[in-house]
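Welcome! Here is a short tour for anyone meeting this structure for the first time. Please have a look at the sequence and the model, and then read on.

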Amino acid sequence: MNNNQSSSSSSPPSNLTTPSSLNYYHPSPSRTIYSDRFIPCRSASNFALFDISPPPPPPPSDAASRAEDNSSSSAAYTALLRTALFGSDLGFVAPPGTPDKKSFPVSTSPVNRNIFRFKSETKQSLHSLYPFGFDDHSPGVIHSPVKAPRKVPRSPYKVLDAPALQDDFYLNLVDWSSHNVLAVGLGNCVYLWNACSSKVTKLCDLGIDDSVCSVGWAQRGTNLAVGTSNGKVQIWDASRCKRVRTMEGHRLRVGALAWNSSMLSSGSRDKSILQRDPRAQEDFVSKLSGHKSEVCGLKWSYDNRELASGGNDNKLFVWNQHSTQPVLKYCEHTAAVKAIAWSPHLHGLLASGGGTADRCIRFWNTTTNSHLSCMDTGSQVCNLVWSKNVNELVSTHGYSQNQIIVWRYPTMSKLATLTGHTYRVLYLAISPDGQTIVTGAGDETLRFWNVFPSPKSQNTESEIGASSFGRTHIR
């Protein structure tokens, strides 16, 4: 720091060249010493904001009066900004306007010392960050509307009678094609129901010595695979109601079918999975061995690279396109694994559900080979399907509640619980537009529910659903 000296006209000038002036410094008592250090005036500081006691007020002066005027003129904005940043619980703040300089209200509530602490229970819209938009009762305040939860109709919009629909947990008798045609196995026959025209067509009759155990549409085209109780797999061209070929290989009933882009997989009570190429001359091109009991669930991933299988041995296996042994094994379920569903939103995300002794929906990451989470549903999990339009999934249940649940993933919060079936909801399929599901049960009914929004209406508040079209027969 530099010290500057100023002298009166009567004082003689200092001689800086003398030895005494170089070694000693004798300030004159008559000289005034000035400092260049700036000492700020804190009269305009708002100490209450941080719960700090202000210093004693200085004696009244012209400088203090000017500071008080500046403080009062900016107090309204300071208080509004403080409330917008730290919340309105810091005390009363005057609404926008011209405040009274002498009577501006002072906060009397305790100041939150953790002023930058996140408050998870507070959800503010973008408008709440506007300095003058914090007060619900202030004039001219603009508020963004709070989005109401999406409403899921609690009743089916259509019910079809399905006589002879079997009450067997290990069968898969309902599937919905990309051409909006529903295939249903009833006894020893397969029926087709056109969702556009409501026309019912009898596709095939296996005869009194055989019965339908599974149906599965090809991803594209009109080919339908039918698994039978005699261990055979038939492929039908539904557009011509003509059988294309019959493939053998299993010794017992075929209760599970799954297509990828070109291959057909079939799972049987004989514990094996056969990989079939309908274009090849052979009935099957490879055999997958690993399950110790009946194979009751099969699903290919959306990229057609991984096949998930579930069995009555409580195991969930994952296979790749070329393996004959499972590449991943999951043994956490304590009952049969029929319900299997791959997420269309996240690569490698697999959901599975266990039977009566298990009752859990489990989520797996097959890319990292990890178990992600588990949800105890309270009843037998019969089927799972993901929405293609939103990150949600549906589960259907058997003992003991026979309900249908719409879940939001990953929180697994319930969006809706649908009831109506009086038997286990053993069958589930989703429409090609991803909005409607159909459920089937041993009560010999098929029920159609609007549970998911369309891709274009994900952000709308309109209720999806349709009025009931009454009850009709599928045959």
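This is a predicted model: local features need pLDDT of at least 70, side-chain atom pairs count only at pLDDT 80 or more; totals for chains, interfaces and linings use all residues.

Of the chain's 475 residues, 44% count as buried. How many helices and strands does the protein chain have? There are two helices and 29 strands. Among contacts between residues at least 6 apart in sequence, 48% join residues at least 24 apart.

Strands of a sheet pair through backbone hydrogen bonds, in either a parallel or an antiparallel way. In this sheet, β24 and β25 run antiparallel and are joined by five bridges. Isoleucine 405, for example, has threonine 417 in β25 as its bridge partner.

**A hairpin with an enclosed strand**

Strand β26 (residues 425-430) is worth a visit too. Six of its six residues are buried, so β26 is largely enclosed by the rest of the structure. Five bridges connect β26 to strand β27 (residues 436-441), and the two run antiparallel. Across this pairing, leucine 428 stands opposite threonine 439 in β27. The hairpin of β26 and β27 has five residues between the strands, and glycine 434 takes a positive phi near 75° there.

**Aromatic rings**

Now for the rings. The count of aromatic pairs comes to nine. In one of them, tyrosine 330 and tryptophan 364 are stacked, with 4.2 Å from centre to centre and 20° between the planes. Tyrosine 330 belongs to strand β17 (residues 328-330) and tryptophan 364 to strand β20 (residues 360-365), so this pair ties together parts that are 34 residues apart in sequence. Are these two residues buried or exposed? Both tyrosine 330 and tryptophan 364 are buried.

Another pair is made by phenylalanine 363 and tyrosine 409. Their ring centres are 4.7 Å apart and their planes stand at 45°, so the pair is tilted. Phenylalanine 363 lies in strand β20, while tyrosine 409 lies in the loop between β24 (404-408) and β25 (413-418), so the pair ties together parts that are 46 residues apart in sequence. Phenylalanine 363 is buried, with a relative accessible area of 0%. Tyrosine 409 also counts as buried, at 13% relative accessibility.

Ring pairs can also join up into a group: Tyr157, Trp176, Trp193 and Phe448 are linked into a cluster in this way.

**Lysines over rings**

| Lysine | Ring | Distance from ring centre |
|---|---|---|
| Lysine 329 | Phenylalanine 317 | 5.9 Å |
| Lysine 338 | Phenylalanine 169 | 5.5 Å |

Lysine 329 lies over the face of phenylalanine 317, and the charged end of lysine 338 sits over the ring of phenylalanine 169.

Terms used
Residues are numbered from 1 along each chain as its sequence is written. Side-chain values use heavy atoms; hydrogens and water are left out. Rings of Phe, Tyr and Trp (its six-membered ring) pair if their centres lie within 6.5 Å; planes under 30 degrees apart count as stacked, over 60 as edge-to-face and the rest as tilted. Helices (H or I, at least four residues) and strands (E, at least two) are DSSP runs, numbered from the N terminus. Buried means under 20% relative accessible area, exposed over 50%, partly exposed in between (1.4 Å probe, protein chains only). A charge sits over a ring if NZ of Lys or CZ of Arg is within 6 Å of the ring centre and within 35 degrees of the ring normal. Contact means heavy atoms within 4.5 Å. Two strands pair if DSSP finds at least two bridges between them.
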